[in-house]
Each structure stands twice: as C-alpha cells, then as structure tokens.
Amino acid sequence: MIRKILALLTVSTLLTAAAPLPPQPTPKQSVNANWGTKIAISPQGGHIIGNPAAKVKLIEYLSYTCPHCATFQSESEAAIQLAFIPSGKGSVEIRHYVRDPVDLAAGVLVNCAPPAKFYKLHQAILHNQNIWAANIGKSNATIQKRWFTGPIPARMRAIAADMHWYEMMENLGYGRVAVDKCLANEALANRLSNQTDADTAAGITGTPSFAINGQILAGTHNWHLLQPQLDARM
C-alpha cells in the first residue's frame, strides 16, 4: 500500500611581456552566474537547484499538504532565490516527504515537467495551497475512499480532479491528457513513497525538515531557525 502514506577546469597560462594576463575573476563575479536555472536530479530523486559544487548544500524535506511548508516557502523564497543560490555558494535540494494520498499526488504532479521546469510547478502547488487544500476539509468519506482505494493512477486522477489541479496545470501549459499520463506513473509514486521510508529511517520525522551538508538539523522546522544556520556557513 502506498505510504499512509555537474571537470576541474584547469587553466594553463603562459606569461609573456607582449601578452599580459587578463584580469582574473573574483568571487564576487560568481554572484552573476545564473545558478537559479540549474536544476539536476539527485540520486534520491530530489531536485537540486543551484551550483552542484556549492559550499553549503541544503536539503529541504517537504510535504505539499503541510501548511508549515507553504509558510516556509513564502518566508524563505526571496532570500534563497535572490541571494543563497545565485551566490554560487549555496544549493537547495527539494526532497518530497509523503504524508498522505493528496501529498503523494502533488509530488507526482510536480514531476510532470522536465527538471528545468520543476520549480514553477513546485511554486504553484505551494503558493496556492490555501485554495486547493480547502477541498480536503470539504470532502466526505465517499470522496476520500477514491483517494485510498483502487489502482494508483485512478487514485491520482481523482485527487487531481477534487483539488482542481487540472485547471491549475492548464494555466501552466499542461493539458489534461499530459497530466493524466503523468499521474499514471505508478513507478514514480512508489519511488516517492519508498524514499520517504528511507528518509524516515535516516531521522526525518516531520515537515519541513532540513539537512545541511548531509547533517540533519534537529529542532529546525522554519525559516527563522534555519536562516542563521545557513548564514553561519556561508
């Protein structure tokens, strides 16, 4: 059952009187690197945004049905997207931590796009959480039964319809046929669930949770507590 859910660049320079060395880059110039558009998939299936050789590697474990995760996105987005990642000193891996069927469907949904377009879908789900999540509270036992029983693709489609995600995805350029094809990816659904089990075994017990350079930050579950720990390592 689904869980109850980037070569060293070596430069050889010959000094001659006729050809002086050009000015060398300074660390400050790395800020101009467009690291925010660099997205790679980690071995665990998370999306790594930024310089893969960053000094500070942050992992964010999140659940799309977690209101604290939406709050963290709102409070941290500007600093992370405008300073932390563009500096080239920091990268962020977004790792799904599945809590329930709706969360699982959202995790599958944001993986519909190729890595370069992942973050846009990620933002859409979190920025609109207060709207679509209201439908969870409005649901009854009959509706929820469709989320928990039957073939996984059918469960995912039912949730997408009940959360009105088809309309949201259409506004982002994804038609119903493409979304249904994505939601039918049972292997992805199982991978997200299995990775959650692995992260739980590693010490993650709730969302949002964070790790810096592989070390889980105990007791850190919001931007107010995370920011000074990132600043201290930069």
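In these legends, a residue is called buried under 20% relative accessible area, exposed over 50% and partly exposed in between (1.4 Å probe, protein chains only). The structure is a predicted model, in which local features need pLDDT of at least 70 and side-chain atom pairs count only at pLDDT 80 or more, while totals for chains, interfaces and linings use all residues. Residues are numbered from 1 along each chain as its sequence is written, and side-chain values use heavy atoms, with hydrogens and water left out. Helices (H or I, at least four residues) and strands (E, at least two) are DSSP runs, numbered from the N terminus.

View 1. Helix α10 spans residues 186-202, a stretch of 17 residues. From first C-alpha to last it reaches 24 Å, close to the 24 Å expected at 1.5 Å a residue; the expected span is 1.5 Å times one less than the number of residues. Its buried residues are L188, A189, L192, S193, Q195, T196 and D199. Seen down the axis of α10, these buried residues fall within an arc of 160°, so they line one face of the helix; the arc is that of the directions from the helix axis to the C-beta atoms. A187 and A201, on the other side of α10, are exposed. The buried residues of α10 pack against β3 (56-62), β4 (90-96), α2 (101-110) and α7 (152-162), where contact means heavy atoms within 4.5 Å. After the helix comes G203, with a positive phi near 125°.

View 2. The buried residues of α7 are I152, P153, R155, M156, A158, I159 and A160. Among the elements covering them are α2, α6 (141-148), α8 (165-171), α9 and α10. Just after α7, H164 has a positive phi of about 60°.

**View 3. Helix α11.** In helix α11 (residues 223-233), the buried residues are W223, L226 and L230. They cover an arc of only 65° around the axis, which puts them on the same side of α11. An α-helix has 3.6 residues a turn, so residues three or four places apart point the same way. H224, D231 and A232 are exposed on the other side of α11. The cover over the buried residues of α11 includes β3, α1 (67-84) and β5.

**View 4. The disulfide and two further cysteines.** A disulfide is a pair of cysteine sulfur atoms within 2.5 Å, and the count by this rule comes to one. This disulfide joins C112 to C182, with an S to S distance of 2.1 Å. The torsion about the S-S bond of C112 and C182 is about -105°, so the disulfide is left-handed. C112 lies in the loop between α2 and α3 (118-127) and C182 in helix α9 (residues 176-183), so the pair ties together parts that are 70 residues apart in sequence. C112 is partly exposed, at a relative accessible area of 23%, whereas C182 is buried, at 11%. C66 is in no disulfide, and its nearest cysteine sulfur, that of C69, is 3.0 Å away. C66 is buried, with a relative accessible area of 2%. C69 is likewise in no disulfide, and counts as buried at 0% relative accessibility.

View 5. Six strands form an open sheet with mixed pairing, in the order β1-β2-β4-β3-β5-β6; two strands pair if DSSP finds at least two bridges between them. The edge strands, β1 (39-41) and β6 (215-216), each pair on one side only. β1 and β2 pair in the antiparallel sense over three bridges, and I41 has H47 in β2 as its bridge partner. These two strands, β1 and β2, form a hairpin with five residues between them, and G45 in the turn has a positive phi of about 95°. β2 also pairs with β4 in the antiparallel sense, over four bridges, and I48 stands opposite E93 in β4. The pairing of β3 with strand β5 (residues 209-212) is antiparallel over four bridges, and L58 stands opposite I212 in β5. Helix α3 lies across β1, β2 (47-50), β3 and β4, and runs at about 60° to β4; axes are lines fitted to C-alpha atoms, for helices over the stretch in contact, and angles run from 0 to 180 degrees between N-to-C directions.

**View 6. The surroundings of T65.** T65 is found in the loop between β3 and α1. At 12% relative accessibility, T65 counts as buried. Leaving aside its neighbours within four places in sequence, T65 is in contact with R99, D100, V102, D103, Q129, W132 and I136.
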